[in-house]
Number of protein chains: 2
Amino acid sequence: MRHRTHHVPALLMLAILAACQAPAGGQAMDEEAGQAEASGVPRVDFGMVIHGGAGTITRESMTPELEEEFRAKLTEALQVGHAVLRDEGSSLDAVEATIRVLEDSPLFNSGKGAVFTADGVNSLDASIMDGATLEAGAVAGVTDVRNPITLARLVKDRSPHVMLSGEGAEQFAREQGIESTPRDYFHTDRRWQQLQDAKASERAQPVTAGDSATTAAAFHDDKFGTVGAVALDRAGNLAAGTSTGGMTNKKWGRIGDSPVIGAGTYAGPRCAVSATGWGEYFIRNVVAYDICARMEYMDVSLSRAADDVIMQKLEQQERNTGGIIAMDAEGHIVMPFNTPGMYRGWVDADGNVTVEIYQP
Amino acid sequence: MRHRTHHVPALLMLAILAACQAPAGGQAMDEEAGQAEASGVPRVDFGMVIHGGAGTITRESMTPELEEEFRAKLTEALQVGHAVLRDEGSSLDAVEATIRVLEDSPLFNSGKGAVFTADGVNSLDASIMDGATLEAGAVAGVTDVRNPITLARLVKDRSPHVMLSGEGAEQFAREQGIESTPRDYFHTDRRWQQLQDAKASERAQPVTAGDSATTAAAFHDDKFGTVGAVALDRAGNLAAGTSTGGMTNKKWGRIGDSPVIGAGTYAGPRCAVSATGWGEYFIRNVVAYDICARMEYMDVSLSRAADDVIMQKLEQQERNTGGIIAMDAEGHIVMPFNTPGMYRGWVDADGNVTVEIYQP
C-alpha cells in the first residue's frame, strides 16, 4: 500500500524517494528537535551524568547551607566517576563507584539516607545494566546491605539471574561475602520524622486499599527519591544504574521502578537511561526503554526522545511524575524532568563539573 | 535539516509530502511484512490467544493421554475466555478468567501446578495490564494465594501501586479478603519429583554463585514454564496477563519476567503481549514492550515485530529462549517461539478453538 508509485513520473519518484530517505518517524517535529540540539544539549567525549531525585524541590524550601551540601556531594560523586573513566575504567565501574558515593550520603533517598517503610524498616532497591552486553542485575527489598548498587552488580556478574528479592537477595549477598549491615546504620532522624509525619497525615486521611486513582494522590509529592548514574567510557560503552529507598511509609512489599530493567534503568549500545520519580507511572510506561526505543526505531535525537516521554507522554497522564538522565553513544547528555526540581549534574572528559537543582 | 523544501516546485513538494505521509520506519521491509500477513496470520473480530509455556516439548516426550489432557484444558480455558468476550465482557475480565482456569490445573507451571523453589515452597508471580488505560498490577513471590492473576488484578484495581512482593503482597491479599491457601494445595508429586531431580543434578554439577554464563546453562531447558493470555474485546480494547511458578529449584528470591511489566506482560491501545521462556533474556530485552514499540514506532506489522524479536534478536543472543503470544487492535494473532514446542491456542469471535503444541 505504501510508496505506491506505479503512475508517478520517474523524476518525481526519485525526488520522493530522496525525501523519504530522511530518517523517519519524527515527521512533524524534526525541526524542533534540531533546535533543541542547537540550543545547547551538552556533548562529551566521555563522561557521566547523575541524579539525586526529582520532586518538589524549590529555592523556598531550601537553606543555603543544605543546598551547598547537596552541591558538594553531587560534585564529589561526579569526580569519583570521572576518575574511573579518565583512567580507562569502564562505564559500568564508574556508575557503580559514583552511586556508592550517593548511597553513603544521608542526603539522598538511597543507602544510608533511605526512607522508612510503614513497618519502620529501610527497604532498598537497585539495578545496573551494561549497554555493551545487555547484561543486567537488580535487587528489590533488601534491608541489610549498605550498597545495594554493588549487590545488583554482583547479581549481574556472579549469578545466572537478573533480579533477586528480599531475604533471598540477602542470602545471595552473604554468599558473595557482603556482610550484613546493622539496620540502625540506615536510621537518620530526618527520615524517621518523615515517616512519623506520613503516618500522622495518613491517620487524618487513610491510605488503604481502595480506588487507585484517589489513593494514589496521597503517595505523590515529596515522598519518593532516587539516585542514578549514566556513563559513557573511553571505549564508547554506555552503562546505567539506579538505587533507591523507595517511598516513605510504603506497604505491602511495593516494588517501584528503580529495580525494574526497562522502567527505572536501561542501557543499550546507543542509549542509556536512569529514572527518578513516581515509580508506578515509570513502570507502566516502560520509561527508560521507551526513550531508547524511540531513538532507535524513529531515529530521533536522544533529546527529542527523552522530552517526548517525560515532558509530553508522562505529563499527559499525570503532573509532576519525575525525570530522567540519559546519554547516547555520541556523548550527548540530557536531564529532562517535569517536577519543580531535580538534583542533577554532569562531568565532561576534562573533569569539568556542572551541578543544577531547580528548573533552568 | 530534513524535508528542506525551499527550492522544490510546489507540485513536487505536494507529491513528496503525500508520499511521506505514509507511516515511516519500515521502509526496506514492508514487503516482507506483507508476505507474512498474506501467509496466514489469523485475524479475529474479537477473541483471545493463550500459552501454557514454551520449552523442550516434543512428540517423543509426550504420551497421547497427556497430550489430550493439555489440549482439553487449553480448549476449556479458551472457551471460558470466549464466553466473557461474547457476553460483552472486557478483555481484562477475559484474561483473568482464562488464566484462572490454567492456574487451577496441575498441568501448567502456575498456581496449582507451580514448580518448587530450592527451599521446597511454591513461589508465584503474576501480572496483568489493561491496554486501554495502561493500568497494570503485578505480584512477585507470593506463596499462599491460589490465583495470583486475581491478586495482580486487585493490585491494579485497588492499590495505588503496580508491583507488590512477598509477605507484603500476601498481607495485601488478606486485606482484600483473599483467604490464605494452605501450602499443600500447591503440592503435586510431579513437581516435587522435578525438584528432587534438579537437586540431584545440582549435586553432580553444582549451581552456585559464579560465572553467570556457565551456570546459566544449568538453569536452562525444561525448568521453566508460564501461562498467559491476551484478549481483544468487542469494544476494541486489548489486555494481557501472565502467571508462573518460576523456575524449579530457584534460589535467592529470583524474580523472572512474568511479573515485570514490559518484559513478560505488556498491553497498550494497539498491541498486547504475554511471554514465556528464559526470564532473564526477556527482562534484558524488555521483550513484551519491545514488540509493541517496534510496531508503533517503525510501523511494521505485529507479526513482523514479534518475529524480529523472538526469532532473530533473542536467537542471536541464545538459542531456545522461549516465545510469546500477541494481538493487535485489528485482531491479528501471532504466537512465535524459538523452542521445540509451546502450548498455545486461540479462539475467534464465533468460538472456534485452535490448539497447537509443537512446531508447525
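With which side chain does the side chain of Glu96(B) make a polar contact? The partner is the side chain of Thr150(B), at 2.8 Å. This comes from a predicted model.

**Around Glu96(B)**

Glu96(B) sits in helix H4 of chain B, which covers residues 91-103. Its relative accessible area is 15%. The cut-off for buried is under 20%, so Glu96(B) counts as buried. Setting aside neighbours within four places in sequence, Glu96(B) is in contact with Ile128(B), Ile149(B), Thr150(B) and Arg153(B).

**Where the chains meet: H10 and H10**

Helix H10 of chain A and helix H10 of chain B each span residues 287-298. Their axes come within 10 Å and cross at roughly 40 degrees. H10(A) and H10(B) are therefore oblique to each other. The crossing is right-handed.

| Helix | Residue range | Residues in the contact |
|---|---|---|
| H10(A) | residues 287-298 | Tyr289(A), Asp290(A), Ala293(A), Arg294(A), Tyr297(A), Met298(A) |
| H10(B) | residues 287-298 | Tyr289(B), Asp290(B), Ala293(B), Arg294(B), Tyr297(B), Met298(B) |

By class, the residues of this contact comprise 8 nonpolar and 4 charged, with no polar ones.

**Chain A overall**

Chain A contains 11 helices and 13 strands. It has 360 residues, and 62% of them count as buried. Among contacts in chain A with a separation of 6 or more, 69% join residues 24 or more positions apart.

Note on methods: Residues numbered from 1 in each chain as written. Chains lettered and ligands numbered in written order. Predicted model: local features only at pLDDT ≥ 70, side-chain atom pairs only at ≥ 80, totals over all residues. Heavy atoms only, no water. Axes fitted to C-alpha atoms, helices over the stretch in contact; angles between N-to-C directions. Helix = DSSP H or I, 4+ residues; strand = E, 2+ residues; numbered from the N terminus. Parallel < 35°, antiparallel > 145°, perpendicular 65-115°, else oblique. Left-handed = near helix turned anticlockwise from the far one by under 90°. Contact = heavy atoms within 4.5 Å. Nonpolar A, V, L, I, M, F, W, Y, C, P; charged D, E, K, R; others polar. Buried < 20%, exposed > 50% of the residue type's maximum accessible area, 1.4 Å probe, protein only. Polar contact = N/O pair within 3.5 Å; in protein donor to acceptor, adjacent residues only side chain to side chain.
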